[in-house]
Amino acid sequence: MDRARRQRARALLPICLAFAFSLTALGSSHWCEGTRRVAKPLCQDPPGDLHCVHAGSGRRRDDGSRAVQYTWETGDDKFIQRRFHVGLWQSCEESLGGTGEECRSFQSIIPAEEQGVLWLSIGAEVLNILLMLTSAILLGSRMSCHSSGFHWFQVDASVAILMVLAGLLGMVAHMMYTTIFQITVNLGPEDWRPQTWDYGWSYCLAWISFALCMAVSVMAMSRYTVARLEFTEKQRVQKGSRHSQQNFPESEASESVWETEAAPNTEGHVLMSLSEYLPPGARVKVSMC
């Protein structure tokens with residue numbers, strides 16, 4: 001593999017990484033993570049379970065119904081912390097028993113006026129992935145084809161433009177989702193609002209993908225600029241060589257004409273030399289070849 005193809009292979013690697021990171025972030029539900037403070041339910045099992053409120057004995061009314069029910073948990077003992085994680089599609093939190101998760105659609109949690117913004121964010125994420133896939137296909141075709149009739153450095157310009165657009169779309173999508181989540185934290189349903197939260201690993205992958213898009217775009221534009229300058233210089237050299245070849249026969253013809261005109265005329269010198277050896281009055285006939 002020559003040097004140029006190795007460079008193109010190294011340029012294809014970050015595009016594939018950015019594509020994989022964005023695809024993983026799109027399908028995951030770990031954009032934001034945190035805990036919720038939930039009141040413990042009444043225990044139905046024997047005492048010893050820490051995830052429910054243990055009811056004490058109470059006095060009965062005359063009709064046999066329980067009038068007062070005492071609980072031993074007070075203050076923070078009446079609540080438990082349930083971990084949750086949220087993505088573009090769903091919100092999941094651990095069950096009360098700590099076994100498994102309970103998930104529901106994230107679209108059903110956010111305020112109704114933010115539904116359109118969420119779909120815009122998802123659409124921008126999908127378009128971001130499609131642009132990265134197109135860039136990878138273009139760069140892969142440049143590596144596999146060896147046609148000399150096409151200026152393949154133009155592929156670098158196309159890749160640079162596509163990756164810039166992909167990065168900008170990804171950035172806008174991430175910012176829209178962040179805004180939607182913060183609004184939902186403040187205005188969402190009471191049974192969902194988190195007590196503490198932070199960004200998860202999917203959110204970090206999405207921003208790493210954005211950084212890779214920008215880096216690939218800069219590198220592709222740099223390769224295009226260098227290749228364009230080299231191509232222009234090569235064309236200039238070829239035109240100069242053809243021009244010099246066309247002027248070379250004309251210069252040879254002018255030199256031969258100059259030598260012919262500058263050659264001395266020997267006809268008169270020959271006649272004078274012959275007249276010295278002939279008698280007076282003799283006619284001289286000289287033929288010049």
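**Ground rules.** I number residues from 1 along each chain as its sequence is written, and my side-chain values use heavy atoms, with hydrogens and water left out. Since the model is predicted, local features need pLDDT of at least 70 and side-chain atom pairs count only at pLDDT 80 or more, while totals for chains, interfaces and linings use all residues.

**Entry 1: layout.** I began with the secondary structure and found five helices and five strands in the chain. Helices (H or I, at least four residues) and strands (E, at least two) are DSSP runs, numbered from the N terminus. Along the sequence I read the pattern α-β-β-β-β-α-α-β-α-α.

Next I looked up burial, meaning under 20% relative accessible area, with exposed over 50% and partly exposed in between (1.4 Å probe, protein chains only). Of the 289 residues in the chain, 32% are buried. The chain exposes about 18,500 Å², and carbon and sulfur atoms supply 60% of that area; accessible areas come from the Shrake-Rupley method with a 1.4 Å probe, and for residues only the protein chains shown count as cover.

I also checked contacts, meaning heavy atoms within 4.5 Å. Among contacts with a separation of 6 or more, 68% join residues 24 or more positions apart.

**Entry 2: aromatic rings.** How many aromatic pairs does the structure hold? I get 11. Rings of Phe, Tyr and Trp (its six-membered ring) pair if their centres lie within 6.5 Å; planes under 30 degrees apart are stacked, over 60 edge-to-face, and the rest tilted.

Phe 181 and Trp 197 make an edge-to-face pair, because their ring centres are 4.8 Å apart and their planes stand at 70°. Phe 181 sits in helix α3 (residues 153–187) and Trp 197 in strand β5 (residues 196–199), so this pair ties together parts 16 residues apart in sequence. Phe 181 is buried at 0% relative accessibility, whereas Trp 197 is partly exposed at 29%.

I then turned to Trp 207 and Phe 210, which are also edge-to-face, with centres 5.5 Å apart and planes at 85°. Both lie in helix α4 (residues 201–262), three residues apart, about one turn of the helix. Trp 207 is partly exposed, at 26% relative accessible area.

**Entry 3: Arg 36.** A polar atom of the Arg 36 side chain lies 2.3 Å from the backbone oxygen of Asp 191, and one lies 3.2 Å from the backbone oxygen of Trp 192. Leaving out residues up to four places away in sequence, Arg 36 also touches others, including Phe 84, Glu 93 and Glu 190.

**Entry 4: Ser 28.** I found Ser 28 in the loop between α1 (3–27) and β1 (32–39). Ser 28 is buried, at 10% relative accessible area, and its side chain reaches the backbone oxygen of Ala 25 at 3.3 Å. Beyond neighbours within four places in sequence, I see contacts from Ser 28 to Gly 87, Leu 88, Trp 201 and Ser 202.

**Entry 5: Met 163.** My last stop was Met 163 in helix α3, buried at 0% relative accessibility.

Technical notes
Polar contact = N/O pair within 3.5 Å; in protein donor to acceptor, adjacent residues only side chain to side chain.
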